[in-house]
Each structure stands twice: as C-alpha cells, then as structure tokens.
Amino acid sequence: WSCLAVCAIAGSEDLGIDVVSGGEILTAIKAGVSAEKIYFHGNNKSVAELELAISKNCRIIADNWLELEHIATIASNTDKNVPVMIRLTPGIECHTHEYIRTGHLDSKFGFDPNQLDEVFTWLSKQTQITCIGVHAHIGSQIFEQQPHQDLAGVMVEWYKLALSHGLPISEINVGGGLGIKYTEADDPQSIDAWVKNVATALKVACDAHGVAYPRVLSEPGRSLIGSSCVTAYTVGGNKTVPGIRTYISIDGGMSDNPRPITYQSQYRAMIANKMSAPMTETVTIAGKHCESGDILIKDAQIAATVPGDILVVPATGAYNYSMSSNYNRITRPAAVLVDRGEANIIIQRENYDDLLRFDRLPERLVK
Ligand SMILES: Cc1ncc(COP(=O)(O)O)c(C=O)c1O
C-alpha cells in the first residue's frame with residue numbers, strides 16, 4: 001500500500017520498500033525512506049523511471065534485456081555505478097493450496113533461467129553496473145513450506161553461477177508470498193516459521209554447494225500490512241430473493257476492494273456496533289457499483305443488521321487501497337491510522353472536485 005504514511009512507518013522500522021513505478025519511488029523518497037533501501041521492480045520500467053531511480057540511487061531489480069541495456073546507457077551518461085539484482089522465474093508456481101514445479105514458468109516477469117549464463121557473462125563486462133544479487137518471487141498467499149524450500153535450492157545454484165562469473169554478488173532475495181488469514185479456512189505460517197524455513201533451506205543449499213552464506217532479503221508485502229487494516233462500510237438497503245438469498249448493500253465495494261471481482265478473494269465481515277450479538281444471518285454483501293459481480297462476500301455469517309450499521313471487513317491492508325479506483329465516479333474513502341489511542345487521517349476522503357480535477361471540456365462541447 002504505497003502512500004506516505006505507510007512508507008514512513010516502514011522506513012522508521014528500518015525496512016526497505018519495493019516500488020514498481022516512478023510514482024512509488026517518489027512516494028517512498030518523500031516519506032523519508034533512504035534510497036538504497038528502495039528496490040525498483042517491474043517488467044516494463046520506462047527510461048524516465050529508470051533515470052529517476054538511478055539519479056536517486058535506488059536499487060534496481062532488472063527484469064529483462066531491454067532494461068539492462070537502458071541501465072547501461074543511462075549509467076554511461078553519469079558517473080554512477082548502478083546496483084542491480086537479476087530477477088529470474090524459477091519454475092515454481094504457487095497459488096493458495098496449489099503448488100507446481102515446472103522447468104520453465106510462463107510469467108511476464110524476469111529472465112528465464114536458461115538466459116542466466118548469458119546475462120552473467122554480459123554483467124561481468126559492465127563497468128557501471130554491479131550485480132549485487134539474484135531475485136525471485138514465486139507467488140502470493142502461500143501456506144506451504146515446500147515451495148520456498150525448493151526456491152532456496154534453485155536460487156543458491158544461480159548464486160553459485162554468478163560467483164563463478166566473478167560477479168561481486170552477495171544477496172539472495174526470495175521475494176514474498178507469506179499468506180495471511182482472510183477467512184477461518186486460512187491457516188498461514190507465522191512470520192518466524194517462514195523465516196526459519198527459508199533461512200534453513202538456504203543454509204542447507206549453501207553448505208551443499210560450498211558457497212559462503214549470502215545476505216538474505218525477502219519482500220513480505222501482504223503479511224506485513226494486510227492484517228493491520230480493516231475497511232468500514234455503512235449498511236444500506238437489503239433485498240431478499242425468496243428461497244435463494246438476502247443481499248445487504250454497502251456504501252462501497254469493487255472500487256475500494258477489487259480483489260473479490262478480480263480473483264474471487266474471500267473475506268469475512270462483522271458488524272462493528274454489534275460485536276456481541278449472535279451471528280445469526282447468512283447474507284450476501286453487495287457493493288454499490290453497476291456490476292452484478294460486485295459482491296464483496298457471498299454467504300457471510302453476520303449479526304442481524306439495520307441500515308446505518310457499520311460493517312467491518314478485516315485484512316484489507318494489502319492490495320486494497322492500492323488497487324482502488326473511481327469506478328462509477330465513486331469517491332475513495334479516507335484512511336485513518338490508529339495507534340495507541342491516537343487517530344490520524346493519512347489519506348483524505350475524496351470529494352467531487354477531486355473527481356473532476358483532470359476533466360477538460362473542449363470549447364465546442366460547452367453549452
Ligand atoms: C516482486 C514481488 N515481491 C513481493 C510481493 C509481495 O507478495 P505478497 O504480498 O504476497 O507477500 C509481490 C507481490 O505482488 C511482488 O510482485
């Protein structure tokens with residue numbers, strides 16, 4: 001969730017920040033995150049974005065040949081030496097409760113491992129690019145241990161290959177993927193267990209390959225921010241389709257949380273002003289947008305509601321505000337940071353002027 005306050009909190013905890021655009025780079029910098037802790041990702045970074053990242057001394061996770069060539073050209077016009085990590089697709093694909101290993105992974109991100117020798121050879125000839133590490137991200141909301149154990153083994157092989165090319169490599173970045181609890185069915189590993197699993201697998205692989213232990217980075221996006229946030233809606237009207245279901249409408253939906261309609265994400269809900277009331281109702285929580293598919297939760301178990309009740313959906317910190325839109329010209333809600341009895345607005349509620357601020361009416365359309 002890229003915004004000033006979240007970046008500032010991450011920075012104050014001495015965490016790095018992954019960014020995927022010029023906008024996210026500037027947000028992190030403006031929030032006070034030091035540039036060498038900003039890692040620039042993406043499969044189609046523009047030249048302007050790369051120039052910005054290099055001018056600010058961010059680290060770059062290089063994704064493809066074109067990008068490496070751009071970095072070399074930009075660096076040659078400066079006196080900078082650009083630190084890069086090489087992103088690869090390890091052929092390990094994970095979805096929740098699903099895990100496959102293939103020789104090659106059909107992904108838009110990163111180099112294919114069969115390009116690695118050529119990439120490392122090219123990097124070993126560069127004078128203004130330093131390859132500091134290798135990177136992979138195998139997926140999100142992963143509950144199993146095996147995928148990251150396999151990943152560790154593959155990454156140490158890449159690492160060893162880079163060392164054999166004489167590169168001054170010292171980091172392995174295992175990406176993110178640690179799942180969180182959205183519903184009762186979710187059973188994520190603890191952060192401690194995940195770290196121990198990854199670190200042990202890396203250590204075993206390094207010992208087996210006879211390489212010195214690298215500095216290890218990870219990118220736990222969702223597991224750091226997801227569970228820390230809730231979204232609060234006001235309950236509106238309802239509709240019962242006899243024998244089928246009751247819909248309860250809320251004053252938001254797919255514009256503040258596009259995850260259910262995009263990839264069928266599951267959530268649970270509770271009524272904030274009736275937390276002690278028995279959860280007797282099975283209802284479908286409907287968003288207010290002009291899409292039949294704008295359903296936040298199907299068959300939610302909640303207390304009986306009346307219009308005006310506050311329905312709260314937990315675990316909305318990751319990918320929610322970041323993916324929000326103004327679909328149907330609905331204004332985005334405010335975001336409030338609550339910490340030890342103190343509450344601060346960290347993103348102001350949008351108003352109608354905000355919605356219209358970039359609209360332009362050509363003269364010939366003015367009545
Ligand atoms: C490169 C990279 N690293 C880390 C993450 C974070 O993944 P998660 O939030 O599932 O831990 C993502 C998510 O898209 C990603 O693309």
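D339 is partly exposed at 38% relative accessibility, where buried means under 20% relative accessible area, exposed over 50%, and partly exposed in between (1.4 Å probe, protein chains only). This residue forms a salt bridge with R340, with 3.1 Å between the closest N and O atoms; a salt bridge is a side-chain nitrogen of Lys or Arg within 4 Å of a carboxyl oxygen of Asp or Glu. R340 is exposed, at 78% relative accessibility. Salt bridges with shared partners also link R59, E171 and R215 into one network. The model is predicted, so local features need pLDDT of at least 70 and side-chain atom pairs count only at pLDDT 80 or more, whereas totals for chains, interfaces and linings use all residues. Residues are numbered from 1 along each chain as its sequence is written, and side-chain values use heavy atoms, with hydrogens and water left out.

By the salt-bridge rule, the count comes to 10. One of these pairs D14 with K37, whose closest N and O atoms are 2.7 Å apart. D14 lies in the loop between α1 (4-12) and β1, and K37 in the loop between α2 and β2, so the pair ties together parts that are 23 residues apart in sequence. Helices (H or I, at least four residues) and strands (E, at least two) are DSSP runs, numbered from the N terminus. D14 is exposed, with a relative accessible area of 58%, and K37 is partly exposed, at 24%.

A salt bridge also joins the side chains of R332 and E350, at 2.9 Å from N to O. R332 is in the loop between β15 (310-314) and β16 (335-339), while E350 is in the loop between β17 (342-347) and α10 (352-356), so this pair ties together parts that are 18 residues apart in sequence. Both R332 and E350 are buried.

Seven strands form an open sheet with parallel pairing, in the order β1-β2-β3-β4-β7-β8-β9; two strands pair if DSSP finds at least two bridges between them. The edges are β1 (17-19) and β9 (215-217), each with a single partner strand, so one side of each has no neighbour in the sheet. From one strand to the next, the twist averages 30°. β1 and β2 (residues 38-40) run parallel and are joined by three bridges, with I17 opposite I38 in β2.

Helix α2 (residues 22-30) lies across β1 and β2 and runs at about 150° to β1. Axes are lines fitted to C-alpha atoms, for helices over the stretch in contact, and angles run from 0 to 180 degrees between N-to-C directions. Helix α6 (residues 146-164) packs on the sheet and touches β7 (129-135) and β8 (171-173), its direction making about 145° with that of β8. Contact here means heavy atoms within 4.5 Å.

The structure holds zero disulfides, a disulfide being a pair of cysteine sulfur atoms within 2.5 Å. For C206, the closest cysteine sulfur is that of C131, 15 Å away and therefore too far for a bond. C229 is likewise in no disulfide, the nearest cysteine sulfur being that of C3 at 8.8 Å. C206 is buried, with a relative accessible area of 1%, and C229 counts as buried at 15% relative accessibility.
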